[in-house]
Amino acid sequence: SFRTECVEEFTLPFVEDFESYDASPLCWTYGSTYSSTYPNINTSSKVSGQQSLYMYVYQDNSTPKHTYIVSPRIDVSATPIQTLQTKFYMGVSDLAPNYMYPNTLIVGVMSDSSNFATFYPIDTVTNSRGGYWEELEVSFENYPTDSVNGKFIAYVSQPLPGPNTTYTYWYNQIYLDDIVIRETPECTRPQSIRIAGGTLTT
């Protein structure tokens, strides 16, 4: 099958739809402490095209497990990490997040794509619409300016069970598609919109 050439350092905006891969996201650094089978290219659930990325993790009470992907390098001399955001579609299993299926994705920054110890978490998100895809955004404006210079964006599938769970094992069944890394627009997306003071006629 046809596959576009991988780039070591990308220009913005960076778009990944996972359509040009056969089994693994070869233009990304990736890995898993759960199983070398993951992440992998999936054809059963997608937002657009024919493929998405599947990031499965099973975890019990032992050492935390994670599956991750790391973007190609960003030219931070031209565009500092703090001026960027990522938006992407996240799909989960048919179940909405619960104590057995937390389906938590940690988005962050790395200074060395080959060393997971350099991962700096920025935000933890989940899909609240079990069985459906949801578009999510994460801004990197809070990445510390005095940190070791981050050059890569990382997406980490790691089950983070709630404090009241009685289960001793958890699953993440996460799909990603149509990832975009770009400069943060001047007009950001509204969050937590509420209507107050309405009546039956206004």
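How many residues of strand S9 (residues 104-110) are buried? The structure is a predicted model, in which local features need pLDDT of at least 70, side-chain atom pairs count only at pLDDT 80 or more, and totals for chains, interfaces and linings use all residues. Residues are numbered from 1 along each chain as its sequence is written, and side-chain values use heavy atoms, with hydrogens and water left out.

**View 1. Strand S9 is mostly covered.** Seven of the seven residues of S9 are buried, where buried means under 20% relative accessible area, exposed over 50%, and partly exposed in between, with a 1.4 Å probe and protein chains only. On one side of S9 lie Thr 104, Ile 106, Gly 108 and Met 110, on the other Leu 105, Val 107 and Val 109, and all of these are buried. Strands here are DSSP runs of E with at least two residues, and helices are runs of H or I with at least four, numbered from the N terminus.

**View 2. S9 pairs with strand S10 (residues 120-126) and with S12.** The pairing of S9 with S10 is antiparallel and runs over six bridges, and Gly 108 stands opposite Pro 121 in S10. S9 and S12 also pair in the antiparallel sense over six bridges, with Val 107 opposite Tyr 155 in S12. Two strands are said to pair if DSSP finds at least two bridges between them.

**View 3. Ser 113 sits in the loop between S9 and S10.** Ser 113 counts as buried because its relative accessibility is 15%. Leaving aside residues up to four places away in sequence, Ser 113 touches Thr 29, Val 70 and Phe 152, where a contact means heavy atoms within 4.5 Å.

**View 4. The whole protein has zero helices and 13 strands.** Buried residues make up 45% of the 202 residues. Among contacts between residues at least 6 apart in sequence, 73% join residues at least 24 apart.

**View 5. Residues 192-196 and residues 198-202 have pLDDT under 50.** The pLDDT is the predictor's confidence in each residue, from 0 to 100, and the protein averages 86, with 85% of the residues scoring at least 70. For residues 192-196 the model has zero contacts beyond four places in sequence, and for residues 198-202 it likewise has zero such contacts. Where pLDDT is low, the predicted coordinates should not be read in detail.
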